[in-house]
Amino acid sequence: MQPMWRIAFQVPEAVAPLFAEVVESHVAAISTFELEEGGMWLVEGTAHQEPDGTRIATKIAVLAASLGLPEPDLTVKPLAPIDWVTQTYLSFPPVRVGRFFIHGSHHKKPVPKGCIGLQIEAAMAFGSGEHATTQGCLTAIEDLHKSRKVRNVLDMGCGSGILGFGAARLWHVPVLGIDIDPVSIEIARENAVLNKVHTEVSLFPGNGYDAPEVGRRGPYDLILANILARPLARMAPRLRQHLAPGGTAVLSGLLRRQENMVEAAHRKQGLRLIRRYRLGDWTALVLRG
Amino acid sequence: MAKKVVGYIKLQVPAGKANPSPPIGPALGQRGLNIMEFVKQFNAKTADMEQGMPVPVVITAYADRTFSFVTKTPPVTYFLKKAAGIDKGSATVGRSGPVGKVTMTQVRDIASKKMVDLNANDVEAAATMIVGSARSMGIEVVEG
């Protein structure tokens, strides 16, 4: 197989698209990726033949100078021949969160004894099981299961469906999943069938609590919402409206520094904080109505 | 859910024929994205297009290595070469004769297909851009 070539250099996030544009014509694929939160971004190109390094270096030097930036350090190297499919599968090992064992279709071994298997592909719906926001929610759900009976669950912003599936597998009760992204709902429906929870879990596209199904099937004694801090705070009054008296809300997608904002918005609605789960920079809050 | 964007990948993929070979495999693999899932979803989304037609695609990668993608219309050069019945444009534009010919009807047809991705107010404005592209490739534009 003919070797591919890789070009790479680092620039600040705000100008990464500009640099990507000037080198795009030299490569078959161009990508810009965050290296660390709030830090530099990597501009990376993949080419079928050895790219003209001198020309690319000149182009990016000119652009950098015009933006008042130091000249980026360009590397041009052949790419080692790798079986990328196998490599990808190896990079998606099963994830274990408490009793939950989350794996892709490429994992052929049986689910370990005592674990609850969830088959989720890292595809076009958020919620692969890998992110701390998902893991915080799953941990909270499992802990809740030890002490609470739940009869009706809402997973608001369900993505791949992973949280609702977790709840369905623990309590064996009806779960409603809503997501504003219709593609996510399509994928979540496929996932529900794969995980044999399609009789318990109903999934609909819709705009948050305005989705007609939410009112039709509520109130809920457990609401799961792994969204982002600001929308969570904004949606607090609507969450309260659909939460059964004494019901529980598990909120995730917020950074540690956003805990107070989200908690305050819900306290205003009469919910009180029961517990917080911190994983890295992220927090999941458990609140009770 | 918490869809924090961590990167973008831009490349061209033949409609309905994505596979893990380069550039898809290395481009997605280096960034840890699920190659086979992209291949499956892309081929499903482009199944109704003319198979093999080059489709520019922009993939957005999220913090948990899930992704979404949008497809754009094929490049103007693809449509022009197809309309003119040639494999490639002229390497010596301005120094030799035209390598092919397209009619204004064909240009307007290309313009209407490209309208969604072009910064043009109407089809006539888009057609003017297409004429410019045709000339830069050594393709003659004739009435008809």
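Predicted model: local features only at pLDDT ≥ 70, side-chain atom pairs only at ≥ 80, totals over all residues.
**View 1. Chain B on its own.** Let us start with the overall build of chain B, which has five helices and five strands. Read from the N terminus, its elements follow the order β-α-α-β-β-α-β-α-α-β. Along the principal axes, the C-alpha atoms of chain B fill a box of roughly 55 × 30 × 25 Å. Of the 144 residues in chain B, 49% are buried. Looking at contacts in chain B between residues at least 6 apart in sequence, 60% link residues at least 24 apart.

**View 2. The interface between chain B and chain A.** Here the two chains meet, with 36 residues from chain B and 49 residues from chain A taking part in the contact. Together the chains bury about 3600 Å², and 61% of that area is on carbon and sulfur atoms. Across this interface there are 13 residue pairs in polar contact, counting pairs with both residues at pLDDT 80 or more. On the side of chain B that touches chain A, the elements giving two or more residues are β1 (5–14), α1 (24–29), α2 (35–45), β2 (54–62) and β3 (67–71) of chain B. The largest share comes from β1(B), with seven residues. Sorted by class, this side of chain B has 19 nonpolar, 10 polar and seven charged residues.

**View 3. Strands pairing from one chain to the other.** Zoom in on β1(B), and you will find it joined to strand β2 (residues 29–34) of chain A by five bridges. The two strands run antiparallel. To find your place in this pairing, look for A:Ser31, which stands opposite B:Ile9 in β1(B).

View 4. Another brings together the side chains of B:Arg65 and A:Glu130, at 2.7 Å from N to O. B:Arg65 sits in the loop between β2 and β3 of chain B, and A:Glu130 in the loop between β7 and α4 (132–147) of chain A, so this pair joins two chains. Are these two partners buried or exposed? B:Arg65 counts as buried, because its relative accessibility is 15%, and A:Glu130 is partly exposed, with a relative accessible area of 31%.

View 5. B:Arg31 forms a salt bridge with A:Glu44, and the closest N and O atoms are 3.3 Å apart. This pair crosses between chains, from the loop between α1 and α2 of chain B, where B:Arg31 lies, to strand β3 (residues 40–47) of chain A, which holds A:Glu44. A:Glu44 has 3% relative accessibility and therefore counts as buried.

**View 6. A salt bridge within one helix.** Both A:Arg216 and A:Glu213 belong to helix α7 (residues 212–217) of chain A, three residues apart, about one turn of the helix. A salt bridge links A:Arg216 to A:Glu213, the closest N and O atoms being 2.7 Å apart. A:Arg216 is exposed, with a relative accessible area of 59%, whereas A:Glu213 is buried at 13%.

**View 7. An enclosed strand in chain A.** Why is strand β11 (residues 220–226) of chain A described as largely enclosed by the rest of the structure? Seven of its seven residues are buried, so the rest of the structure largely encloses this strand. Strand β8 (residues 153–156) of chain A pairs with β11(A) in the parallel sense over four bridges, and A:Met156 stands opposite A:Ala225 in β11(A). Six bridges also join β11(A) to strand β12 (residues 243–255) of chain A, again running parallel. In β12(A), A:Val250 is the bridge partner of A:Leu224.

**View 8. The surroundings of A:Cys115.** This cysteine is found in the loop between β6 (100–103) and β7 (116–119) of chain A. With 14% relative accessibility, A:Cys115 counts as buried. Leaving aside residues up to four places away in sequence, A:Cys115 touches A:Arg96, A:Arg99 and A:Phe101.

Conventions: Residues numbered from 1 in each chain as written. Chains lettered and ligands numbered in written order. Heavy atoms only, no water. Contact = heavy atoms within 4.5 Å. Buried area = accessible area lost by both parts, 1.4 Å probe. Polar contact = N/O pair within 3.5 Å; in protein donor to acceptor, adjacent residues only side chain to side chain. Nonpolar A, V, L, I, M, F, W, Y, C, P; charged D, E, K, R; others polar. Pairing = 2+ DSSP bridges. Buried < 20%, exposed > 50% of the residue type's maximum accessible area, 1.4 Å probe, protein only. Salt bridge = Lys/Arg side-chain N within 4 Å of Asp/Glu carboxyl O.
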